[in-house]
Amino acid sequence: MSSSGDAAGVSRCSRVALQRVHSTTAPLHQGVPATLWKLGRLNHIAIAVPDMEKATALYRDVLGATVSEKVPLPDHGVYTVFVELGNTKLELLHPLGEKSPISGFLQKNKSGGMHHICIEVDDINAAIADLKTKNIRMLSAEPRIGAHGKPVMFLHPKDCDGVLVELEEA
């Protein structure tokens, strides 16, 4: 092999070595503190339904899923039914009262449809504080107690690529 071939080989190896050293030793975001909260698993996907009994029957009687009883959540303006799927749940939502946020959704989407996703977090207050510093808007001033008896917060869909995201403390 000629000396020019050796030089090219050494140069190639040096670049690879430098890339490896750089990628394993240099933090991606220098000066950014570690996050004080962690995103967890998908808790549920919520579906707004115009007919709760029909939707419940679909999942229970046709698809064979285990479904909960219909539960009113007056603080959120909805009735809920949870469909157990093993690795997550579906939450069926139906309006409770005229001021229900689901009423407006169903006026725009007569057949119903996906309303939001719910992701668990280990510390909802830390998550809210951190997300506010990142200009993510919340839909309420404070967390409220959700369907599972745990604090929840909804993030503005315009700040989440058009998706209404619910955070629930695990």
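Predicted model: local features only at pLDDT ≥ 70, side-chain atom pairs only at ≥ 80, totals over all residues.

Q: What makes up the chain, and in what order do its elements come?
A: The chain has 4 helices and 9 strands, and read from the N terminus they follow the order α-β-α-β-β-β-β-α-β-α-β-β-β. Of its 170 residues, 35% count as buried.

Q: Why is Thr88 called buried?
A: A residue is called buried when its relative accessible area is under 20%. Thr88 has a value of 11%, and therefore counts as buried. Its place is in the loop between β4 (78-84) and β5 (89-95).

Q: What makes the pair of Thr88 and Asn43 a polar contact?
A: The cut-off for a pair of N or O atoms is 3.5 Å, and a polar atom of the Thr88 side chain lies 2.9 Å from the backbone oxygen of Asn43. Asn43 is also among the residues that Thr88 touches beyond four places in sequence, together with Arg41, Leu42, His44 and Val83.

Q: How do you know whether Cys118 is buried or exposed?
A: The relative accessibility of Cys118 is 0%, so this residue counts as buried, the limit being under 20%. Cys118 is found in strand β6, and, leaving aside neighbours within four places in sequence, this residue is in contact with Arg41, Leu42, Asn43, His44, Glu166 and Glu168.

Q: How far apart are Cys118 and Ile45 in sequence and in space?
A: They are 73 residues apart in sequence, while their C-alpha atoms are 6.2 Å apart in space. For the chain as a whole, 54% of the contacts with a separation of 6 or more come from residues 24 or more positions apart.

Q: What makes β6 a partner of both β1 and β9?
A: Two strands pair if at least two bridges are found between them. β1 and β6 have 7 bridges and pair in the antiparallel sense, with Leu39 standing opposite Val121 in β6. Strand β9 (residues 165-169) is joined to β6 by 5 bridges, and these two run parallel; here Ile119 stands opposite Leu167 in β9.

Q: Why are the buried residues of α3 said to be on the same side of the helix?
A: The buried residues of α3 (residues 101-108) are Ile102, Ser103, Phe105 and Leu106. They cover an arc of only 165° around the axis, and therefore lie on the same side of α3. These residues pack against β1 (39-48), β4, β5 and β6 (113-121), whereas the face turned away from the buried side carries the exposed residues Gln107 and Lys108.

Q: What makes Ser100 part of a polar contact at the start of α3?
A: A side-chain oxygen of Ser100 comes to within 3.1 Å of the backbone nitrogen of Ile102, and the limit for such a pair is 3.5 Å. Ser100 has its place in the loop between β5 and α3; its relative accessibility is 4%, so Ser100 counts as buried. Apart from neighbours within four places in sequence, Ser100 is in contact with Gly77, Val78 and Pro95.

Q: What puts Lys70 over the ring of Tyr79?
A: The distance limit is within 6 Å of the ring centre, and Lys70 lies over the face of Tyr79 at 4.6 Å from that centre.

Technical notes:
Residues numbered from 1 in each chain as written. Heavy atoms only, no water. Buried < 20%, exposed > 50% of the residue type's maximum accessible area, 1.4 Å probe, protein only. Polar contact = N/O pair within 3.5 Å; in protein donor to acceptor, adjacent residues only side chain to side chain. Contact = heavy atoms within 4.5 Å. Arc of directions from axis to C-beta. Lys NZ or Arg CZ within 6 Å of the ring centre and 35° of its normal.
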